[in-house]
Amino acid sequence: MVDLIHERDDAMAEAELLLERSRAITLNGRDKRGRAVVRIVGKYFPARALGGRAEAELRGYVRRRVLPEIGEREFVVVYVHSLVDRGDNFPGVAAIRAAYEALPAAAKERLRAVYFVHPGFQARLFFATLGRFLFSSGLYEKLRYMSRLEYLWEHVSKGEMEVPECARQHDEELERRPLMDYGIEATDRRCMFDAASMDTSASLHSLRCIS
């Protein structure tokens, strides 16, 4: 029994170190109202390395590392979805939902907005049709889509938050190929936000490739 506890603690410490080094979740600047910004970069999330533990480790990391840094302040979340690959670095909608549901009630109240950067047409369609069933009304109503970084800067102080290179690259690609926003022109990547990973029993046959 003692050995099992030690193994569990070692695995937890290893996962926490992995998440910390990845910088997938960081406290990163302030918004224009002075609220703390929690930046989540999907491209940095080590989903493949964490395997089936991704959901549990994400919940634990938020509780042990992120919430103590925020303290009693109000905060917003900026989730950067740019160039995410489901197999390598996307934890899945179930993990994101579980992390939110694991927050204490007071922390949920202090969360003022979730800015979803570069959601893509299919992702917006998915959340528009199934979002209310997958998320509590409290989280769903706080979700804001930011198709360009320039729209994010209307809410978050530009000089305060570090912008990952993947977001800059995707923003430049969108400027060159604006029809991607409407799902008319496809990107070179395929199925980077695969609805099959959503862990929902809803019929998602027509939404197999969410990007």
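1. A nonpolar core, as used here, is a set of buried Ala, Val, Leu, Ile, Met, Phe, Trp, Tyr and Cys residues joined through side-chain atoms within 4.5 Å. The structure above is a predicted model.

2. The largest nonpolar core holds 35 residues. Ile 25, Val 38, Phe 45 and Phe 75 touch the most other members. Helix H3, residues 54-70, gives the most to this core: seven residues.

3. Another core lies apart from the largest one. In soluble globular proteins, nonpolar side chains tend to be buried together.

4. Arg 35 deserves a look of its own. Arg 35 sits in the loop between strand S1 (25-30) and strand S2 (36-41). Is this residue, Arg 35, buried or exposed? Arg 35 counts as buried, because its relative accessible area is 12% and the cut-off for buried is under 20%.

5. Next, the partners of Arg 35. The side chains of Arg 35 and Asp 31 are joined by a polar contact of 2.7 Å. Beyond neighbours within four places in sequence, Arg 35 contacts Gly 29, Arg 30, Glu 74, Phe 75, Val 76 and Arg 112.

6. Now confidence. The protein averages a pLDDT of 77, and 75% of the residues score at least 70. Residues 2-7 have pLDDT below 50, and this stretch has zero contacts in the model beyond near neighbours in sequence. Residues 188-211 also have pLDDT below 50, but that stretch has 60 contacts beyond near neighbours in sequence.

Conventions:
Residues numbered from 1 in each chain as written. Predicted model: local features only at pLDDT ≥ 70, side-chain atom pairs only at ≥ 80, totals over all residues. Heavy atoms only, no water. pLDDT = per-residue confidence, 0-100. Contact = heavy atoms within 4.5 Å. Helix = DSSP H or I, 4+ residues; strand = E, 2+ residues; numbered from the N terminus. Buried < 20%, exposed > 50% of the residue type's maximum accessible area, 1.4 Å probe, protein only. Polar contact = N/O pair within 3.5 Å; in protein donor to acceptor, adjacent residues only side chain to side chain.
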